[in-house]
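Dear colleague,

Please find below the structure that I am handing over to you. My findings follow directly after it.

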Amino acid sequence: LLKAKEWLDKWLNAILIAVTIIFLSIAGWRWWSARQQSAVDSAWGVISATRIENVADGEQPLEELRGIIAQAVDPTVVAFARIRLADGLAIRVTDPASVTKLVEAEQVLNAVIDSPGVSPILQAAAVYRLACVFESQGKIDAAKSAYGRLIDAKYADSPFHLAGADRIASLESLPKKVEFLPGSAPVEAPKLPELPTSAPATAPTTGPASAPSTGA
């Protein structure tokens with residue numbers, strides 16, 4: 001007991017400090033985890049509430065998604081927000097001046113594809129949308145290449161795995177160019193006979209009824 005007392009007198013303060021540090025570390029980690037989970041839940045709420053199809057709202061829905069992308073740390077949340085942002089950008093391409101939105105959509109989708117922490121299903125969704133963006137830009141070869149990436153075995157569990165091959169076949173069947181060749185002159189339509197302007201005032205008293213001067 002005397003030796004134990006001597007040992008406690010020597011190390012008691014260090015033990016108390018170590019226990020306090022461990023307790024504070026556990027409490028801090030739990031607080032940080034709860035805050036991160038709250039931030040993730042809040043981000044999902046914003047994503048689900050954002051109506052990207054409401055073109056009348058202008059850039060506001062897109063700015064909300066850009067804010068989530070800039071602040072969120074969960075890779076799944078960021079990837080989903082980027083896909084939604086790309087969809088919103090594509091919807092807002094309504095004239096030649098807004099085609100530049102497709103360039104931003106391409107960059108956003110490539111960020112999803114290149115992110116290592118994103119699931120293959122989300123990556124496949126981004127690849128499919130990227131191919132659609134290429135189609136909208138008239139880059140048919142790039143679109144075929146993107147659809148071809150979906151045939152990879154790592155996307156086998158994705159619904160886009162077979163859709164890629166179907167789209168490649170559809171692009172192959174598209175006509176390259178339609179040429180209109182000159183033909184013969186159109187046939188002139190027959191003219192209708194003129195109708196009588198008025199009926200005779202009185203019928204003749206004798207003889208057969210006279211026919212009108214013009215045919216029906």
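**Findings**

Of the 216 residues of the protein chain, 25% count as buried. Please note that this is a predicted model.

The secondary structure consists of 7 helices and 0 strands, so that the order from the N terminus reads α-α-α-α-α-α-α. Among contacts in the chain with a separation of 6 or more, 50% are between residues 24 or more positions apart. The accessible surface amounts to about 15300 Å², and 62% of this belongs to carbon and sulfur atoms.

The largest nonpolar core comprises 38 residues, with L85 and L150 having the most contacts inside it. At least two residues of this core come from each of α1 (2–49), α2 (60–71), α3 (75–91), α4 (100–114), α5 (120–136), α6 (140–149) and α7 (160–173). The largest share, 9 residues, is supplied by α5. Apart from neighbours within four places in sequence, L150 contacts A124, V127, Y128, Y155, F160, H161 and G164.

Is T50 buried or exposed? With a relative accessible area of 1%, T50 falls under the 20% cut-off and therefore counts as buried. Its side chain forms a polar contact of 3.3 Å with the side chain of E64. Beyond its neighbours within four places in sequence, T50 is in contact with P61, E64, L65 and R84.

With kind regards

Definitions and conventions
Residues numbered from 1 in each chain as written. Predicted model: local features only at pLDDT ≥ 70, side-chain atom pairs only at ≥ 80, totals over all residues. Heavy atoms only, no water. Helix = DSSP H or I, 4+ residues; strand = E, 2+ residues; numbered from the N terminus. Buried < 20%, exposed > 50% of the residue type's maximum accessible area, 1.4 Å probe, protein only. Contact = heavy atoms within 4.5 Å. Areas by Shrake-Rupley, 256 points an atom, 1.4 Å probe, with all protein chains shown as cover. Core = buried A, V, L, I, M, F, W, Y, C linked by side-chain atoms within 4.5 Å. Polar contact = N/O pair within 3.5 Å; in protein donor to acceptor, adjacent residues only side chain to side chain.
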